[in-house]
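Dear colleague,

I am passing on the structure we spoke about, and below it you will find my notes on what came out of the analysis. Please read them with the coordinates open beside you.

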Amino acid sequence: MVQLHVKRGDESQFLFNTSVDAPVETVVQQITAIYNGRLKVDRLCSEIPELADHGITLLPNMQGLTEEQIVELKLRDEWEDKCVPSGGPVFRKDEIGRRNGHAPNDKMKEVLMKTVEEAKALVCKKQVQANVCVTMEMIKEALDQLRGAVMIVYPMGLPPHDPIRMEFEDREDLSGTQASLQVITEDECQLWWAAKEMQRGKKLQDYIGKNEKTKLVVKIQKKGQGAPAREPLVTDEQQKQMMMHYYRRQEELKKLEEADDDSYLDSEWSDRQALKKQFQGLTNIKWGPR
């Protein structure tokens, strides 16, 4: 199997296994699905702790309002009584006014937070260092774990406007957010290797040959953004190791210079002619006026 180390910019994303016979279009489709799937998991893992701390999301027309403003406008969240966490709610006010403050108890919160950590570990970028390839099955498993944990804590479900439910139902609205800039659609995605775009309609073997044991660093890029920067000849880690090596070498040379110091040769006790000068009366001779 050909192993592709997928990057975006200089940042590692994941490892992906494929075959030299695979069409570039299929590879791009699979890589895009995994890349966007990881982003979805990351978004959920950032939202679920908010759910655990402050409960469900308020209606859009109530978000950001103070309690006095809500009373004055006679607004009421109809989902507050429907979406109650298991074991009863614990009030933790949301200072930014985005969630209703009726949070799960500590036991249910622990269920959510533990599942978040497990889902993160399943698709995190550290899998590259562990030489573990991320697959769509792993993405689906992470999403299923998060969905199951939310169902345990909120058996009646979440409001339809809650971003967590919208993510699970693929209805998320990312317009105007930083997250929207990270998403790459299948039509926009380009795959680059060795400063060359891998054209759709060709196979991987047209670029890398027929060796199934090949390992490549490929970069994904949005269409129209031009070629990504080439990989540096020396990685950051290798550069750090080289600098440490040069520093240790300099310290060793300094110690050797100190050990080879021959200033003792200027001392009287090291003068081979000292006895002869003493007999001839040539010791303690000073030049210049007294």
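In which loop does Ala194 lie? Before I answer, please keep in mind that this is a predicted model, and that everything below is computed from it.

Ala194 lies in the loop that joins strand 5 (189-193) and strand 6 (196-197). Most residues other than glycine have a negative phi. With a relative accessibility of 40%, Ala194 falls between the cut-offs of 20% and 50% and therefore counts as partly exposed.

Asp170, which is not a glycine either, also takes a positive phi of about 55 degrees. This residue is found in the loop between helix 6 (163-168) and helix 7 (178-182), and at 57% relative accessibility, over the cut-off of 50%, Asp170 counts as exposed.

A glycine comes up in the account of helix 1 (residues 24-54): Gly55, just after that helix, has a positive phi of about 80 degrees. Helix 1 is mostly covered, with 22 of its 31 residues buried.

One of the partners of helix 1 is helix 5 (residues 136-153), and the two axes come within 9 Å and cross at roughly 20 degrees. Since angles under 35 degrees count as roughly parallel, helix 1 is roughly parallel to helix 5. The crossing in which helix 1 passes helix 5 is left-handed. On the side of helix 1 the contact is made by Ala33, Ile34, Gly37, Arg38, Lys40, Val41, Leu44, Cys45 and Ile48, while helix 5 contributes Met136, Ile139, Ala142, Leu143, Leu146 and Val150. Sorted by class, this contact of helix 1 with helix 5 has 12 nonpolar residues, 1 polar residue and 2 charged residues.

Lastly, Gln221 has its place in strand 7 (residues 215-222), and at 10% relative accessibility, under the cut-off of 20%, Gln221 counts as buried. If its neighbours within four places in sequence are left aside, Gln221 is in contact with Glu188, Cys189, Gln190, Trp192, Gly226, Ala227 and Pro228.

With best wishes

Methods. Residues numbered from 1 in each chain as written. Predicted model: local features only at pLDDT ≥ 70, side-chain atom pairs only at ≥ 80, totals over all residues. Heavy atoms only, no water. Helix = DSSP H or I, 4+ residues; strand = E, 2+ residues; numbered from the N terminus. Expected span 1.5 Å × (residues − 1). Buried < 20%, exposed > 50% of the residue type's maximum accessible area, 1.4 Å probe, protein only. Axes fitted to C-alpha atoms, helices over the stretch in contact; angles between N-to-C directions. Parallel < 35°, antiparallel > 145°, perpendicular 65-115°, else oblique. Left-handed = near helix turned anticlockwise from the far one by under 90°. Contact = heavy atoms within 4.5 Å. Nonpolar A, V, L, I, M, F, W, Y, C, P; charged D, E, K, R; others polar.
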